[in-house]
Amino acid sequence: MLESLVAKLRGNESFLSVEVSPRLSATIGQNVIDELESLEQADCFVCTDSPLARLKPSSILSSIKLQNALNKPLICTLSMRDRNSIALCGDILAANEFGLRAFLSLSGDSVKNGDCAGAKGVFEESSLKLGRIIEDLNQGVAANGKALKDGVKPIYNFSVINSHANNTESLKKKMLKKLSNSKVEGLFTQPVFSLQSAQFLLESLEEINENLEQKCVMILGFFPVLNYKVALFLRDKLPGVYIPNEWVERLEKASIRSKEEEQKVGLELSRDLFFGLQALHNKFHFMSANKPSLLKEFVRG
């Protein structure tokens, strides 16, 4: 199942992943599983790891539960914020036996911005270390340098990159650093709101792949913005993302008229962007603040 997904990602076919963020609950809920199951367009799901440092259930255990329930591959997000290398390596090893073998490596958001005032960030290192841990495990070596008694089934490492920077060369250097550190199957971007930004990201990765003789695939992040409040959050609070002022202004005007007009304008702007991005590339990651059914507004079954 996972190997077929990776082959599709590397090929010329379209690829679509959908973000899933477990709710703060002791159960995922059959209604959530049913909703995700209805998204036949999705090739896989990406389970978040307490995004914005807001407490959520374990991304590893949630990913295993969802992968078994949906019979589709899960890419499990892991953050360096909450675990040191002992915990990370141990978790990845144990997950291997349950068939969870794809991970999205993150450094993680600062705990000061989260909802657990007494928590302390671990941040043993950046997400680059997680990439090296995975690469070593694939070579039969644990984080302590000791050989594994039984080898792992192949583990696939994914990483993230901002979609915008005032200094575009710094963005390119970050890409190069990630791909030089360890093998990366796919590079997920933060939400993209500009065709120009998407073009730059794609061209930069193509150049880096050629120089490093790698085949990392760009997966463009797409986030439909349906209201003014979300547009403001993306503009003011989410580093590495740029949303055009035109979007903010149009959504503000529409919000004054009515919620229905606000959503109509947001859908129009988001659809135009998505169809424009499709003309450039065919690999996407759909994010929706836990409203995955929105996918049907953009991708038909």
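**Entry 1: the barrel**

I began with the sheet, and found a closed barrel of 8 strands in the order β1-β2-β3-β4-β5-β6-β7-β8, with parallel pairing. On average, neighbouring strands of this sheet are turned by 30 degrees against each other, direction ignored. A reminder to myself: this is a predicted model.

Next I checked where the barrel closes. Strand β1, residues 15-20, pairs with strand β8, residues 283-286, in the parallel sense over 4 bridges. Ser-17 is the residue I found opposite His-285 in β8.

How many residues of β3 are buried? I counted 6 of the 6, so β3 is largely enclosed by the rest of the structure. Leu-74, Cys-76 and Leu-78 point one way from the strand, Ile-75, Thr-77 and Ser-79 point the other way, and all are buried.

The bridge partner of Cys-47 in β3 is Cys-76.

Then I turned to β5. Here 5 of the 6 residues are buried, so this strand too is largely enclosed by the rest of the structure. Strand β4 (residues 102-106) is joined to β5 by 3 bridges, and the two run parallel. Ala-102 stands opposite Tyr-156 in β5.

I also looked at what covers this part of the sheet. Helix α6 (residues 168-181) lies across β5 (156-161), β6 (186-191) and β7 (217-222), and runs at about 165 degrees to β5.

**Entry 2: the nonpolar cores**

Which residues touch the most other members of the largest nonpolar core? They are Phe-45, Phe-103, Phe-193 and Val-225, in a core of 75 residues. Helix α10 (residues 259-280) gives the most to this core, with 6 residues. There is also a second, separate core of 15 residues, which includes Leu-2, Leu-5, Leu-9 and Phe-188. As background, nonpolar side chains in soluble globular proteins tend to be buried together.

I then listed the contacts of Phe-193, leaving out residues up to four places away in sequence. Phe-193 touches Phe-223, Val-225, Leu-234, Val-241, Tyr-242, Ile-243, Pro-244, Trp-247 and Leu-273.

**Entry 3: aromatic pairs**

A search of the whole structure gave me 9 aromatic pairs. One of them is Phe-193 with Trp-247, edge-to-face, at 5.3 Å centre to centre and 75 degrees between the planes. Phe-193 sits in the loop between β6 and α7 (195-212) and Trp-247 in helix α9 (residues 245-257), so this pair ties together parts that are 54 residues apart in sequence. Both Phe-193 and Trp-247 are buried.

Because Phe-222 lies in strand β7 and Phe-274 in helix α10, the pair ties together parts that are 52 residues apart in sequence. Both Phe-222 and Phe-274 are buried.

Is Arg-83 buried or exposed? I found it at 12% relative accessibility; the cut-off for buried is under 20%, so Arg-83 counts as buried. Its place is in the loop between β3 (74-79) and α4 (85-97). The side chain of Arg-83 makes a polar contact with the side chain of Asp-49 at 3.0 Å. A polar atom of the Arg-83 side chain also lies 3.4 Å from the backbone oxygen of Ser-79. Not counting residues up to four places away in sequence, Arg-83 touches Asp-49, Ser-59, Leu-78, Leu-88, Asp-91 and Val-122.

Arg-54 was my other stop, in the loop between β2 and α3 (59-70). At 42% relative accessibility, Arg-54 counts as partly exposed. Leaving aside neighbours within four places in sequence, Arg-54 is in contact with Gly-114 and Asp-115. Finally, I took the C-alpha separation from Arg-54 to Glu-206: it is 35 Å, for residues 152 apart along the chain.

Key
Residues are numbered from 1 along each chain as its sequence is written. This is a predicted model: local features need pLDDT of at least 70, side-chain atom pairs count only at pLDDT 80 or more; totals for chains, interfaces and linings use all residues. Side-chain values use heavy atoms; hydrogens and water are left out. Two strands pair if DSSP finds at least two bridges between them. Axes are lines fitted to C-alpha atoms, for helices over the stretch in contact, and angles run from 0 to 180 degrees between N-to-C directions. Contact means heavy atoms within 4.5 Å. A nonpolar core is a set of buried Ala, Val, Leu, Ile, Met, Phe, Trp, Tyr and Cys residues joined through side-chain atoms within 4.5 Å. Buried means under 20% relative accessible area, exposed over 50%, partly exposed in between (1.4 Å probe, protein chains only). A polar contact is a pair of N or O atoms within 3.5 Å; within protein, one must be able to donate a hydrogen and the other to accept it, and residues adjacent in sequence count only if both atoms are side-chain atoms. Rings of Phe, Tyr and Trp (its six-membered ring) pair if their centres lie within 6.5 Å; planes under 30 degrees apart count as stacked, over 60 as edge-to-face and the rest as tilted.
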